[in-house]
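Open the model in your viewer and keep the selection tool at hand. We will go stop by stop, with something to select at each one.

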Amino acid sequence: ATFDGGVVMAGDRRATAGNLIAQRDIEKVFASDDYSLVGIAGDAGLAIELVRLYQVELEHYEKIEGTQLTLDGKANRLATMIRGNLGAAMQGLAVVPLFAGFDLDAVDPASGGKIYSYDVTGGRYPEQYYHSVGSGSLFAKGALKKLWRIGMSREQVVRVAVESLYDAADDDSATGGPDLTRGIFPVVMLATAAGTERVGDDELSAVVRTILSEREARPGA
């Protein structure tokens with residue numbers, strides 16, 4: 001989701017194998033370079049390999065050319081890599097990432113946060129304001145529609161992202177909610193003019209506890 005001055009990307013920590021929880025603390029959101037983020041959905045092994053290769057390609061381009069690709073260029077390169085996985089996707093091993101970043105060429109820095117979604121064929125689609133991918137995306141996007149507002153601050157949009165993941169986990173068994181017992185919280189990252197940043201677990205713990213406290217006071221709401 002975008003906010004004034006950047007974009008936030010959040011991902012839950014659950015990986016599944018059929019009806020089983022395969023891993024409780026997998027990371028699904030990564031910094032692809034200094035100003036962009038990529039989140040994964042689909043086959044975890046292929047998705048993580050694709051992200052690592054993508055990170056290397058962006059770094060290699062910057063070293064060779066002496067400058068970074070534009071944000072559109074980064075989005076296009078990721079689309080090409082997804083298209084390269086089409087054969088595996090047709091066999092059920094699909095990878096559908098989400099890409100977002102801060103556009104250094106934006107006329108207005110306050111609206112520099114950009115989001116791109118993809119399909120399994122490598123189709124690239126700019127999104128406005130917010131988007132979600134994965135098995136719980138329907139529920140997460142429904143929450144975003146109700147909670148997100150233009151002009152939100154960093155702190156406000158971080159809370160909106162965490163609350164949307166909570167709602168997704170409430171209805172989708174393949175999405176893991178915050179786990180206070182184990183101290184496992186979503187991966188939440190930001191991309192702004194200052195670069196990429198991961199939100200610390202201490203801050204997320206406070207956000208999660210506030211959300212839970214408010215929901216306990218309004219069960220079923």
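Start with the hairpin that S5 and S6 form, with 2 residues between them. Helices (H or I, at least four residues) and strands (E, at least two) are DSSP runs, numbered from the N terminus. Before going on, note that this is a predicted model: local features need pLDDT of at least 70, side-chain atom pairs count only at pLDDT 80 or more, and totals for chains, interfaces and linings use all residues. Residues are numbered from 1 along each chain as its sequence is written, and side-chain values use heavy atoms, with hydrogens and water left out.

**Stop 1: the hairpin and its sheet**

Select S5 and strand S6 (residues 36–39). They pair in the antiparallel sense over 4 bridges. Two strands count as paired if DSSP finds at least two bridges between them. Click alanine 31: leucine 37 in S6 stands opposite. Click valine 29: its bridge partner in S6 is glycine 39.

How many of the 5 residues of S5 are buried? The count is 4, so S5 is mostly covered. Buried means under 20% relative accessible area, exposed over 50%, and partly exposed in between (1.4 Å probe, protein chains only).

Now widen the selection to the open sheet of 5 strands. The order is S5-S6-S7-S8-S9, with antiparallel pairing. S5 and S9 stand at the edges with a single partner strand each, so one side of each has no neighbour in the sheet. From one strand to the next, the twist averages 25°.

**Stop 2: two helices on the sheet**

Show H1 next. H1 packs on the sheet and touches S5, S6 and strand S7 (98–102). The direction of H1 makes about 20° with that of S5. Contact means heavy atoms within 4.5 Å. Axes are lines fitted to C-alpha atoms, for helices over the stretch in contact, and angles run from 0 to 180 degrees between N-to-C directions.

**Stop 3: the cores**

Select Phe30, Ile40, Tyr54, Leu78, Phe99, Tyr116 and Tyr118. These have the most contacts inside the largest nonpolar core, which has 21 residues. Helix H1 (44–65), helix H2 (71–84) and strand S8 (113–118) each supply at least two residues of this core. A nonpolar core is a set of buried Ala, Val, Leu, Ile, Met, Phe, Trp, Tyr and Cys residues joined through side-chain atoms within 4.5 Å.

Zoom in on phenylalanine 30. Leaving aside neighbours within four places in sequence, its contacts are Ser36, Leu37, Val38, Ile40, Ile48, Val51, Gln55 and Met189.

Another core lies apart from the largest one. It has 19 residues, among them Phe3, Leu144, Val188 and Leu204.

**Stop 4: salt bridges**

How many salt bridges does a search of the whole structure find? It finds 16. A salt bridge is a side-chain nitrogen of Lys or Arg within 4 Å of a carboxyl oxygen of Asp or Glu.

Select glutamate 27 and arginine 13. Their side chains meet in a salt bridge (4.0 Å, N to O). Glutamate 27 lies in the loop between strand S4 (20–23) and strand S5 (29–33), and arginine 13 in the loop between strand S2 (6–11) and strand S3 (15–17), so the pair ties together parts that are 14 residues apart in sequence. Glutamate 27 is partly exposed, at 30% relative accessible area. Arginine 13 is buried, at 11%.

Arginine 198 is partly exposed, at 37%.

Move to arginine 154 and glutamate 197. Their closest N and O atoms are 3.3 Å apart, in another salt bridge. Arginine 154 lies in helix H5 (residues 154–171) and glutamate 197 in strand S11, so parts 43 residues apart in sequence are tied together. Arginine 154 counts as buried, at 19% relative accessibility. Glutamate 197 is partly exposed, at 38%.

Finish this stop with Arg159, Glu163, Asp167, Glu214 and Arg215. Salt bridges that share partners join these residues into one network.
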